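Subject: Structure for your review

Dear colleague,

Please find below the structure that I am handing over to you.

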Amino acid sequence: MSAEQLKFAEQELETLRQQGLYRKLRILGGAQGPRAVIDGREVVNLSSNNYLGLATHPKLIKAAVEATEKYGAGSGAVRTIIGTMDLHMELEERLAKFKHTEAVLVFQSGFTTNSGVIPVVIGEGDVVISDELNHASIIDGVRLTKAARKVYPHVDMNGLEMRLKEANQEGYRRKLVVTDGVFSMDGDICPLPDIVELAEKYGAITMIDDAHASGVLGRNGRGTVDHYNLHGRVDIQVGTLSKAIGVLGGYVATSKALVDLLIHKGRPFLFSTSHPPGVTAANLAAIDILENEPELIERLWENTKYFKSGLNHLGLNTGKSQTPITPVIAGEGAKAMKLSDRLFEERVFAQGIGYPTVANDKSRVRTIVTATHTKEDLDFALAAFEKVGRELELIK
(Lines give C-alpha, C1' and ligand atoms only; values in the text may rest on other atoms or scores of the structure.)
Protein backbone atom coordinates (compact mmCIF):
# COMPACT_ATOMS: atom_id res chain seq x y z
CA MET A 1 0.00 0.00 0.00
CA SER A 2 1.41 3.37 -1.02
CA ALA A 3 1.12 6.02 1.69
CA GLU A 4 1.61 8.64 -1.02
CA GLN A 5 -1.57 7.56 -2.81
CA LEU A 6 -3.63 7.84 0.37
CA LYS A 7 -2.46 11.30 1.44
CA PHE A 8 -5.84 12.70 0.41
CA ALA A 9 -7.40 11.06 3.49
CA GLU A 10 -5.22 13.00 5.94
CA GLN A 11 -5.78 16.21 3.98
CA GLU A 12 -9.54 15.83 4.16
CA LEU A 13 -9.34 14.99 7.87
CA GLU A 14 -7.31 18.15 8.47
CA THR A 15 -10.06 20.16 6.78
CA LEU A 16 -12.60 18.62 9.14
CA ARG A 17 -10.38 19.50 12.12
CA GLN A 18 -10.08 23.11 10.98
CA GLN A 19 -13.86 23.33 10.60
CA GLY A 20 -14.38 21.93 14.09
CA LEU A 21 -16.24 18.92 12.65
CA TYR A 22 -13.73 16.13 13.35
CA ARG A 23 -15.12 13.60 15.82
CA LYS A 24 -13.73 10.49 17.47
CA LEU A 25 -15.96 7.52 18.03
CA ARG A 26 -17.49 7.48 21.50
CA ILE A 27 -17.07 4.12 23.25
CA LEU A 28 -20.00 2.63 25.15
CA GLY A 29 -18.83 0.64 28.16
CA GLY A 30 -21.81 -1.49 29.05
CA ALA A 31 -25.50 -1.64 28.19
CA GLN A 32 -27.41 0.91 26.09
CA GLY A 33 -29.45 2.55 28.83
CA PRO A 34 -30.90 5.93 29.85
CA ARG A 35 -27.74 6.41 31.88
CA ALA A 36 -24.68 4.88 30.29
CA VAL A 37 -20.92 4.76 30.63
CA ILE A 38 -19.45 6.50 27.57
CA ASP A 39 -15.69 6.99 27.27
CA GLY A 40 -15.45 5.95 30.91
CA ARG A 41 -17.85 8.65 32.14
CA GLU A 42 -21.38 7.98 33.42
CA VAL A 43 -23.78 10.28 31.58
CA VAL A 44 -27.47 10.78 30.91
CA ASN A 45 -27.75 9.26 27.44
CA LEU A 46 -29.79 11.40 25.04
CA SER A 47 -28.46 9.96 21.79
CA SER A 48 -29.79 6.42 21.78
CA ASN A 49 -32.39 5.10 19.31
CA ASN A 50 -33.45 2.61 21.99
CA TYR A 51 -36.80 4.42 22.37
CA LEU A 52 -38.59 1.80 24.47
CA GLY A 53 -35.62 0.31 26.29
CA LEU A 54 -36.09 -3.02 24.49
CA ALA A 55 -32.37 -3.46 23.77
CA THR A 56 -31.94 -4.50 27.40
CA HIS A 57 -35.40 -5.94 28.07
CA PRO A 58 -35.15 -9.29 29.92
CA LYS A 59 -37.62 -10.96 27.54
CA LEU A 60 -35.52 -10.10 24.50
CA ILE A 61 -32.31 -11.25 26.18
CA LYS A 62 -33.93 -14.54 27.23
CA ALA A 63 -35.28 -15.14 23.70
CA ALA A 64 -31.88 -14.43 22.14
CA VAL A 65 -30.05 -16.80 24.50
CA GLU A 66 -32.54 -19.64 24.08
CA ALA A 67 -32.57 -19.38 20.28
CA THR A 68 -28.77 -19.30 20.16
CA GLU A 69 -28.58 -22.43 22.28
CA LYS A 70 -31.13 -24.21 20.04
CA TYR A 71 -30.09 -23.02 16.55
CA GLY A 72 -26.47 -21.87 16.95
CA ALA A 73 -24.68 -18.55 16.72
CA GLY A 74 -25.25 -17.98 13.01
CA SER A 75 -27.53 -19.07 10.18
CA GLY A 76 -24.72 -20.26 7.92
CA ALA A 77 -26.06 -19.13 4.53
CA VAL A 78 -28.01 -16.58 2.53
CA ARG A 79 -31.78 -16.89 2.62
CA THR A 80 -32.07 -18.24 -0.94
CA ILE A 81 -29.75 -21.21 -0.34
CA ILE A 82 -30.25 -22.71 3.12
CA GLY A 83 -30.24 -19.65 5.38
CA THR A 84 -34.01 -19.40 5.81
CA MET A 85 -34.95 -20.78 9.22
CA ASP A 86 -38.44 -21.29 10.58
CA LEU A 87 -37.70 -18.35 12.89
CA HIS A 88 -37.20 -16.05 9.88
CA MET A 89 -40.53 -17.11 8.41
CA GLU A 90 -42.28 -16.63 11.75
CA LEU A 91 -40.84 -13.13 12.10
CA GLU A 92 -42.04 -12.11 8.64
CA GLU A 93 -45.51 -13.53 9.25
CA ARG A 94 -45.78 -11.75 12.60
CA LEU A 95 -44.61 -8.44 11.12
CA ALA A 96 -47.09 -8.67 8.22
CA LYS A 97 -49.95 -9.22 10.67
CA PHE A 98 -48.68 -6.40 12.88
CA LYS A 99 -48.42 -3.97 9.95
CA HIS A 100 -51.73 -5.08 8.35
CA THR A 101 -50.09 -5.90 5.00
CA GLU A 102 -50.12 -8.99 2.80
CA ALA A 103 -46.47 -9.83 3.33
CA VAL A 104 -43.14 -8.76 4.80
CA LEU A 105 -39.55 -9.44 3.81
CA VAL A 106 -36.75 -8.91 6.32
CA PHE A 107 -33.37 -7.47 5.29
CA GLN A 108 -30.11 -7.17 7.20
CA SER A 109 -30.69 -3.50 8.11
CA GLY A 110 -32.95 -0.56 7.39
CA PHE A 111 -30.26 0.85 5.08
CA THR A 112 -30.02 -2.34 3.02
CA THR A 113 -33.82 -2.53 2.84
CA ASN A 114 -33.94 0.76 0.94
CA SER A 115 -30.91 -0.29 -1.13
CA GLY A 116 -32.71 -3.52 -2.02
CA VAL A 117 -36.27 -2.32 -2.56
CA ILE A 118 -35.95 0.92 -4.53
CA PRO A 119 -33.92 -0.50 -7.48
CA VAL A 120 -36.50 -3.28 -7.88
CA VAL A 121 -39.46 -0.90 -7.87
CA ILE A 122 -38.06 1.66 -10.31
CA GLY A 123 -35.48 1.69 -13.09
CA GLU A 124 -34.75 3.20 -16.47
CA GLY A 125 -37.78 5.01 -17.82
CA ASP A 126 -39.20 5.63 -14.33
CA VAL A 127 -38.98 8.58 -11.94
CA VAL A 128 -38.63 8.88 -8.17
CA ILE A 129 -40.04 11.93 -6.39
CA SER A 130 -38.39 12.43 -3.00
CA ASP A 131 -38.62 14.83 -0.04
CA GLU A 132 -35.43 16.89 0.16
CA LEU A 133 -34.78 15.77 3.77
CA ASN A 134 -35.20 12.04 3.18
CA HIS A 135 -32.71 9.72 4.86
CA ALA A 136 -29.36 8.92 3.24
CA SER A 137 -30.42 5.30 2.71
CA ILE A 138 -33.27 6.47 0.46
CA ILE A 139 -30.93 8.75 -1.46
CA ASP A 140 -28.40 5.94 -1.94
CA GLY A 141 -31.14 3.49 -2.92
CA VAL A 142 -32.22 5.90 -5.65
CA ARG A 143 -28.61 6.32 -6.81
CA LEU A 144 -28.49 2.58 -7.49
CA THR A 145 -31.20 2.95 -10.14
CA LYS A 146 -31.26 4.46 -13.62
CA ALA A 147 -34.49 6.27 -12.80
CA ALA A 148 -34.89 10.02 -13.16
CA ARG A 149 -34.97 11.98 -9.90
CA LYS A 150 -37.13 14.86 -8.76
CA VAL A 151 -36.90 16.44 -5.31
CA TYR A 152 -39.59 18.54 -3.66
CA PRO A 153 -39.05 21.04 -0.81
CA HIS A 154 -39.44 19.51 2.65
CA VAL A 155 -43.11 18.54 3.31
CA ASP A 156 -44.21 21.07 0.65
CA MET A 157 -47.31 19.57 -0.93
CA ASN A 158 -47.50 22.24 -3.64
CA GLY A 159 -43.95 21.28 -4.55
CA LEU A 160 -44.86 17.59 -4.61
CA GLU A 161 -47.86 18.21 -6.88
CA MET A 162 -45.70 20.26 -9.23
CA ARG A 163 -43.20 17.38 -9.51
CA LEU A 164 -46.02 14.88 -10.12
CA LYS A 165 -47.48 17.06 -12.88
CA GLU A 166 -44.04 17.33 -14.49
CA ALA A 167 -43.62 13.56 -14.29
CA ASN A 168 -46.94 12.95 -16.02
CA GLN A 169 -46.14 15.46 -18.75
CA GLU A 170 -42.74 13.82 -19.31
CA GLY A 171 -44.34 10.38 -19.78
CA TYR A 172 -42.48 8.18 -17.29
CA ARG A 173 -43.46 4.52 -17.03
CA ARG A 174 -43.69 4.38 -13.22
CA LYS A 175 -43.63 7.14 -10.62
CA LEU A 176 -42.49 6.49 -7.05
CA VAL A 177 -43.18 9.03 -4.28
CA VAL A 178 -40.96 8.28 -1.29
CA THR A 179 -40.79 9.96 2.11
CA ASP A 180 -39.61 9.42 5.65
CA GLY A 181 -42.43 8.94 8.15
CA VAL A 182 -40.55 10.73 10.93
CA PHE A 183 -37.61 12.80 9.71
CA SER A 184 -34.52 11.70 11.57
CA MET A 185 -32.84 15.07 12.10
CA ASP A 186 -35.85 17.33 12.73
CA GLY A 187 -38.32 14.97 14.37
CA ASP A 188 -41.31 16.16 12.33
CA ILE A 189 -43.92 13.84 10.83
CA CYS A 190 -44.65 13.74 7.12
CA PRO A 191 -48.14 14.87 5.96
CA LEU A 192 -48.93 11.37 4.75
CA PRO A 193 -52.67 11.86 4.04
CA ASP A 194 -51.85 14.67 1.58
CA ILE A 195 -49.03 12.66 0.02
CA VAL A 196 -51.33 9.67 -0.50
CA GLU A 197 -54.08 11.85 -2.02
CA LEU A 198 -51.64 13.35 -4.51
CA ALA A 199 -50.05 10.01 -5.37
CA GLU A 200 -53.49 8.51 -6.05
CA LYS A 201 -54.50 11.54 -8.13
CA TYR A 202 -51.43 11.25 -10.38
CA GLY A 203 -51.09 7.45 -10.43
CA ALA A 204 -47.90 7.14 -8.39
CA ILE A 205 -46.60 4.38 -6.11
CA THR A 206 -46.25 5.47 -2.47
CA MET A 207 -43.37 4.39 -0.24
CA ILE A 208 -42.70 5.42 3.36
CA ASP A 209 -39.63 4.81 5.51
CA ASP A 210 -40.79 4.32 9.09
CA ALA A 211 -37.40 3.84 10.73
CA HIS A 212 -38.13 6.40 13.47
CA ALA A 213 -41.89 5.79 13.53
CA SER A 214 -41.89 2.03 14.12
CA GLY A 215 -42.57 1.47 17.82
CA VAL A 216 -43.27 5.19 18.29
CA LEU A 217 -46.32 6.24 16.23
CA GLY A 218 -49.66 4.47 15.76
CA ARG A 219 -51.44 1.86 17.83
CA ASN A 220 -48.87 -0.29 19.63
CA GLY A 221 -46.17 1.40 17.54
CA ARG A 222 -47.45 0.25 14.14
CA GLY A 223 -46.08 3.39 12.49
CA THR A 224 -47.11 6.36 10.40
CA VAL A 225 -49.67 4.54 8.26
CA ASP A 226 -51.54 3.45 11.37
CA HIS A 227 -51.07 6.91 12.96
CA TYR A 228 -53.05 8.40 10.06
CA ASN A 229 -55.33 5.35 9.57
CA LEU A 230 -54.22 4.86 5.98
CA HIS A 231 -54.03 1.07 5.86
CA GLY A 232 -54.39 -0.26 2.33
CA ARG A 233 -53.49 3.09 0.71
CA VAL A 234 -49.68 3.06 1.10
CA ASP A 235 -48.02 0.64 -1.30
CA ILE A 236 -44.66 0.08 0.40
CA GLN A 237 -43.67 0.49 4.04
CA VAL A 238 -40.02 0.18 5.07
CA GLY A 239 -38.98 -0.04 8.69
CA THR A 240 -36.10 -0.92 10.94
CA LEU A 241 -35.75 -3.41 13.77
CA SER A 242 -32.76 -1.63 15.30
CA LYS A 243 -34.36 1.46 16.88
CA ALA A 244 -37.54 1.19 18.98
CA ILE A 245 -37.61 -2.57 18.31
CA GLY A 246 -34.23 -2.70 20.02
CA VAL A 247 -32.38 -5.34 17.99
CA LEU A 248 -31.16 -5.35 14.37
CA GLY A 249 -32.55 -5.54 10.84
CA GLY A 250 -34.91 -3.90 8.40
CA TYR A 251 -38.11 -4.95 6.70
CA VAL A 252 -40.43 -4.07 3.83
CA ALA A 253 -44.19 -4.52 4.32
CA THR A 254 -46.06 -4.64 1.04
CA SER A 255 -47.89 -6.99 -1.38
CA LYS A 256 -47.13 -10.71 -1.67
CA ALA A 257 -46.17 -10.22 -5.31
CA LEU A 258 -43.59 -7.53 -4.57
CA VAL A 259 -42.12 -9.56 -1.72
CA ASP A 260 -41.73 -12.54 -4.07
CA LEU A 261 -40.08 -10.31 -6.67
CA LEU A 262 -37.69 -8.94 -4.04
CA ILE A 263 -36.72 -12.48 -3.06
CA HIS A 264 -35.61 -12.95 -6.66
CA LYS A 265 -34.11 -9.51 -7.34
CA GLY A 266 -33.33 -7.68 -4.07
CA ARG A 267 -29.53 -7.74 -4.10
CA PRO A 268 -28.83 -7.20 -0.36
CA PHE A 269 -31.31 -9.99 0.39
CA LEU A 270 -29.78 -12.29 -2.23
CA PHE A 271 -26.15 -11.77 -1.33
CA SER A 272 -26.04 -11.37 2.47
CA THR A 273 -26.16 -14.05 5.15
CA SER A 274 -29.47 -14.06 7.02
CA HIS A 275 -29.93 -12.89 10.58
CA PRO A 276 -28.49 -15.00 13.40
CA PRO A 277 -31.16 -16.98 15.25
CA GLY A 278 -30.68 -14.99 18.45
CA VAL A 279 -31.35 -11.71 16.63
CA THR A 280 -34.46 -13.10 14.96
CA ALA A 281 -35.87 -14.49 18.21
CA ALA A 282 -35.24 -11.21 20.02
CA ASN A 283 -37.15 -9.37 17.28
CA LEU A 284 -40.07 -11.74 17.79
CA ALA A 285 -40.01 -11.06 21.52
CA ALA A 286 -40.07 -7.33 20.78
CA ILE A 287 -43.27 -7.70 18.75
CA ASP A 288 -44.83 -9.52 21.71
CA ILE A 289 -43.98 -6.57 23.95
CA LEU A 290 -45.34 -3.99 21.49
CA GLU A 291 -48.62 -5.90 21.32
CA ASN A 292 -48.95 -6.52 25.07
CA GLU A 293 -47.19 -3.65 26.86
CA PRO A 294 -48.48 -0.38 25.30
CA GLU A 295 -47.62 1.43 28.53
CA LEU A 296 -44.00 1.61 27.31
CA ILE A 297 -45.07 3.81 24.39
CA GLU A 298 -47.25 5.91 26.69
CA ARG A 299 -44.25 6.49 28.96
CA LEU A 300 -42.10 7.42 25.96
CA TRP A 301 -44.55 10.16 25.00
CA GLU A 302 -44.93 11.41 28.57
CA ASN A 303 -41.15 11.83 28.79
CA THR A 304 -41.04 13.43 25.34
CA LYS A 305 -43.60 16.09 26.25
CA TYR A 306 -41.89 16.80 29.58
CA PHE A 307 -38.40 17.22 28.10
CA LYS A 308 -39.52 19.16 25.03
CA SER A 309 -41.49 21.54 27.26
CA GLY A 310 -38.39 22.06 29.42
CA LEU A 311 -36.18 22.91 26.45
CA ASN A 312 -38.76 25.30 25.04
CA HIS A 313 -39.17 26.97 28.44
CA LEU A 314 -35.42 27.68 28.41
CA GLY A 315 -35.84 29.37 25.03
CA LEU A 316 -33.75 26.87 23.08
CA ASN A 317 -34.49 26.38 19.38
CA THR A 318 -36.04 22.91 18.92
CA GLY A 319 -37.21 23.46 15.36
CA LYS A 320 -40.47 21.79 14.30
CA SER A 321 -40.11 18.53 16.21
CA GLN A 322 -43.30 16.53 16.86
CA THR A 323 -41.71 13.35 18.19
CA PRO A 324 -39.09 12.11 20.69
CA ILE A 325 -36.40 13.33 18.26
CA THR A 326 -35.81 16.89 19.48
CA PRO A 327 -32.96 18.91 17.97
CA VAL A 328 -31.37 21.80 19.82
CA ILE A 329 -30.22 24.00 16.96
CA ALA A 330 -27.01 25.90 17.66
CA GLY A 331 -26.21 27.40 14.24
CA GLU A 332 -22.81 26.83 12.63
CA GLY A 333 -21.09 23.48 12.96
CA ALA A 334 -18.29 24.32 15.37
CA LYS A 335 -20.76 25.80 17.85
CA ALA A 336 -22.92 22.67 17.79
CA MET A 337 -19.85 20.52 18.43
CA LYS A 338 -18.85 22.80 21.30
CA LEU A 339 -22.37 22.45 22.74
CA SER A 340 -22.08 18.66 22.53
CA ASP A 341 -18.63 18.63 24.12
CA ARG A 342 -19.61 20.91 26.99
CA LEU A 343 -22.75 18.89 27.69
CA PHE A 344 -20.58 15.79 27.88
CA GLU A 345 -18.38 17.52 30.44
CA GLU A 346 -21.58 18.14 32.41
CA ARG A 347 -22.38 14.40 32.12
CA VAL A 348 -25.02 14.60 29.39
CA PHE A 349 -24.41 12.92 26.03
CA ALA A 350 -26.14 14.56 23.06
CA GLN A 351 -24.35 14.00 19.76
CA GLY A 352 -23.38 17.04 17.70
CA ILE A 353 -24.54 16.94 14.07
CA GLY A 354 -23.30 19.23 11.32
CA TYR A 355 -22.80 19.46 7.58
CA PRO A 356 -23.36 17.46 5.37
CA THR A 357 -25.98 15.67 7.49
CA VAL A 358 -27.72 19.01 8.05
CA ALA A 359 -27.18 22.49 6.61
CA ASN A 360 -24.18 24.18 8.24
CA ASP A 361 -26.25 27.06 9.63
CA LYS A 362 -28.64 24.55 11.20
CA SER A 363 -26.07 22.42 13.01
CA ARG A 364 -27.37 20.98 16.25
CA VAL A 365 -27.27 18.41 18.95
CA ARG A 366 -30.00 15.83 18.45
CA THR A 367 -31.69 14.57 21.59
CA ILE A 368 -33.88 11.49 21.90
CA VAL A 369 -35.63 10.68 25.15
CA THR A 370 -36.71 7.13 25.90
CA ALA A 371 -39.39 5.38 27.89
CA THR A 372 -36.76 4.37 30.45
CA HIS A 373 -35.55 7.87 31.36
CA THR A 374 -36.70 9.02 34.78
CA LYS A 375 -37.85 12.56 35.58
CA GLU A 376 -34.60 12.90 37.55
CA ASP A 377 -32.61 12.03 34.41
CA LEU A 378 -34.49 14.60 32.37
CA ASP A 379 -34.23 17.33 35.02
CA PHE A 380 -30.48 16.69 35.25
CA ALA A 381 -30.18 17.06 31.47
CA LEU A 382 -32.29 20.22 31.39
CA ALA A 383 -30.08 21.80 34.07
CA ALA A 384 -27.02 21.00 31.94
CA PHE A 385 -28.65 22.50 28.85
CA GLU A 386 -29.45 25.66 30.80
CA LYS A 387 -25.88 26.04 32.10
CA VAL A 388 -24.15 25.35 28.78
CA GLY A 389 -26.79 27.19 26.75
CA ARG A 390 -26.11 30.37 28.71
CA GLU A 391 -22.34 29.94 28.33
CA LEU A 392 -22.68 29.66 24.55
CA GLU A 393 -25.29 32.44 24.38
CA LEU A 394 -27.97 30.11 23.04
CA ILE A 395 -30.14 31.28 25.94
CA LYS A 396 -30.56 35.01 26.33
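A salt bridge is taken here as a side-chain nitrogen of Lys or Arg within 4 Å of a carboxyl oxygen of Asp or Glu. The model is a predicted one, in which local features need pLDDT of at least 70 and side-chain atom pairs count only at pLDDT 80 or more, while totals for chains, interfaces and linings use all residues. Residues are numbered from 1 along each chain as its sequence is written, and side-chain values use heavy atoms, with hydrogens and water left out.

Salt bridges

Arginine 174 and aspartate 126 form a salt bridge in which the closest N and O atoms are 3.7 Å apart. This pair links distant parts of the chain, 48 residues apart: arginine 174 is in the loop between helix H6 (157-170) and strand S6 (175-180), and aspartate 126 is in the loop between H4 and strand S4 (127-131). Helices (H or I, at least four residues) and strands (E, at least two) are DSSP runs, numbered from the N terminus. For accessibility, buried means under 20% relative accessible area, exposed over 50%, and partly exposed in between (1.4 Å probe, protein chains only). Aspartate 126 is buried, at 1% relative accessibility, whereas arginine 174 is partly exposed, with a relative accessible area of 32%.

A salt bridge also joins glutamate 197 and arginine 233, with 3.3 Å between the closest N and O atoms. Glutamate 197 lies in helix H7 (residues 192-202) and arginine 233 in the loop between helix H8 (224-227) and strand S8 (236-240), so this pair ties together parts that are 36 residues apart in sequence. Glutamate 197 is partly exposed at 45% relative accessibility, and arginine 233 is partly exposed at 32%.

The search of the whole structure gives 29 salt bridges. Among them is the contact between the side chains of aspartate 341 and arginine 23, at 2.8 Å from N to O. These two residues are 318 residues apart, with aspartate 341 in helix H13 (residues 333-345) and arginine 23 in the loop between helix H1 (7-18) and strand S1 (35-38).

The sheet

Seven strands form an open sheet with mixed pairing, in the order S3-S9-S8-S7-S6-S4-S5. Its edge strands, S3 (103-107) and S5 (148-152), each pair on one side only. Two strands pair if DSSP finds at least two bridges between them. S8 and strand S9 (residues 250-254) pair in the antiparallel sense over four bridges, and threonine 240 stands opposite glycine 250 in S9.

The second largest pocket

A pocket is an open set of points on a 1 Å grid over the protein atoms alone, where a 1.4 Å probe fits, with protein on both sides within 12 Å along at least five of seven lines; lining residues have an atom within 4 Å of a point. The second largest pocket holds about 210 Å³ of space, a volume being the space filled by probe spheres set on the points. Its lining includes Ser115, Leu144, Leu261 and Arg267. Helix H4 (110-121), helix H9 (256-265) and helix H10 (267-270) each supply at least two lining residues, and H4 gives the largest share, four residues.

Yours sincerely
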